[in-house]
Amino acid sequence: MISKELERAGIPVVQVANMTPVANSVGVNRIWTSASIKYPLGSPDLDPEAEKIERIRMTRSVLEELKE
Amino acid sequence: MAKIKTVYYVNQFFGQEGGEEAASTGIKVYEGALGVAKSFAEAYGDDCEVLATIVCGDNYIAENLDEVTAEIVELVAGYKPDLFAAGPAYAAGRYGVACGSLCQAVGGRLGIPTVTAMNELNPGVALYRKSTYIVSTDANARKVKTDTAKMARLAKKLVNKEHISSPEEEKYFAKGYKRNVRLERRPAKRAVDMLLNKFNGREFITEIPLPPKEDISRPAAIPDLSKATIALATDGGLYPAGNPDNMPSANADRFESYDISSLDTLKEGEWVIKHNGYDNTFSNADPNRLVPVDSMRVLEKEGYIGKLYDEFLATTGLICTVENATKTGKQMVKYIKERDIDAVILTST
């Protein structure tokens, strides 16, 4: 619902969420499916260095949504 | 048998003052039933007596909603009625808001049943459905008699304190209460049946309806991120340790912003999640998993994005009512518009 208000005001927003049906049903345009409800941009099974690299990859992928 | 004393409210059009040109007409009080109030009383039966029909122009009340509502409530109270009815307002926004506002205020002040009617497109529905019974109608006034009859039937049940069935059966907008009912089939069975029906393209009825989908056009794309300032936001409830702003652990109606301009990462222990809706262990252990400051900073240094905005925005979205989420969203819009921010990444849990 927050994203919807931002979009209504013309502000580009990517909603990073795990429960995408909810975001979808609300009508948000840019949705990126997160890794988990508990850690949207985390990979706790990796070691910290690898996790950070993976997070940079994921963040880049989130940001890519803004280009379209 | 004592008559059910009723006061009725209509706008200038249904009060036979005129159309849009008469929308600034002030409050007028007619003794007895006028126009649709008459149809309402006839449908209700002989035991309904409309003491007065109050007429007011849509602009007159919409432009000063609180004051005019209070003024009309005073008038209504003078009649010591048993019932208050207003509308139907169909899809007419100002009229619907007036009917809802009056029903809410009269019900609150006098503790009597109130009924109005409108179409789902009317903004009055979202604003007042929790405070009064709003019968669902078409968007236009083609079936006034049927609609006033539906209002009367529901009003009668309310006055007689009869059991009110589900919104679907009684044709009113759900007031947002959950009522326990005992069903023959267990939840697991119902859920699987629903899933099978959905899968096979058959009709199914959800037990948790989501808010209606609204088509909002896609905000403009940002082809060149290297010049863009991006702000991070979350509804996952991440706040500085000690939660200095006393943010709630559920259903927040506001957000706070926190300075990250000198930070390359969010350190464990300095930021703590206040959110009762999910297992916080992983994101407390590394808050970047929720608000990715470390990766955004890397991408900023790389030049992939222009700038990570100096503050991130935080709220708690758990079991958040649509009203509160909308309120928080509007506050964020204001914050963003007042600053040099091109886009937002909002992480949810």
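This is a predicted model: local features need pLDDT of at least 70, side-chain atom pairs count only at pLDDT 80 or more; totals for chains, interfaces and linings use all residues.
1. Residues are numbered from 1 along each chain as its sequence is written, chains are lettered from A and ligands numbered from 1 in the order in which they are written, and side-chain values use heavy atoms, with hydrogens and water left out.

2. Chain B has 11 helices and 13 strands, where helices (H or I, at least four residues) and strands (E, at least two) are DSSP runs numbered from the N terminus. Of its 349 residues, 48% count as buried, a word that stands for under 20% relative accessible area, with exposed over 50% and partly exposed in between (1.4 Å probe, protein chains only). Among contacts (heavy atoms within 4.5 Å) in chain B between residues at least 6 apart in sequence, 71% join residues at least 24 apart.

3. Helix α3 of chain B, residues 65–78, has 14 residues and spans 20 Å from its first C-alpha to its last, close to the 20 Å expected at 1.5 Å a residue, the expected span being 1.5 Å times one less than the number of residues. Its buried residues are L65(B), V68(B), T69(B), I72(B), V73(B), V76(B) and A77(B), and what covers them includes β1 (4–11), β3 (48–56), α2 (58–62), β4 (83–86), α4 (93–110) and α5 (123–128) of chain B. After α3(B) comes K80(B), whose phi is positive, near 45°.

4. Turning to the two chains together, the contact takes 45 residues from chain A and 51 residues from chain B. About 4,400 Å² is buried between them, 64% of it on carbon and sulfur atoms; buried area is the accessible area (1.4 Å probe) that two parts lose on being put together, summed over both. In chain A, I2(A), K38(A) and L63(A) lose the most area to chain B, together 14% of what that side buries.

5. Between chain A and chain B the count is 5 salt bridges, each a side-chain nitrogen of Lys or Arg within 4 Å of a carboxyl oxygen of Asp or Glu. The side chains of E5(A) and K330(B) meet in a salt bridge, at 3.0 Å from N to O. The elements that give two or more residues to the side of chain A that touches chain B are α1 (2–8), β1 (13–17), α2 (20–26) and α3 (48–64) of chain A, and α3(A) gives the most, with 9 residues.
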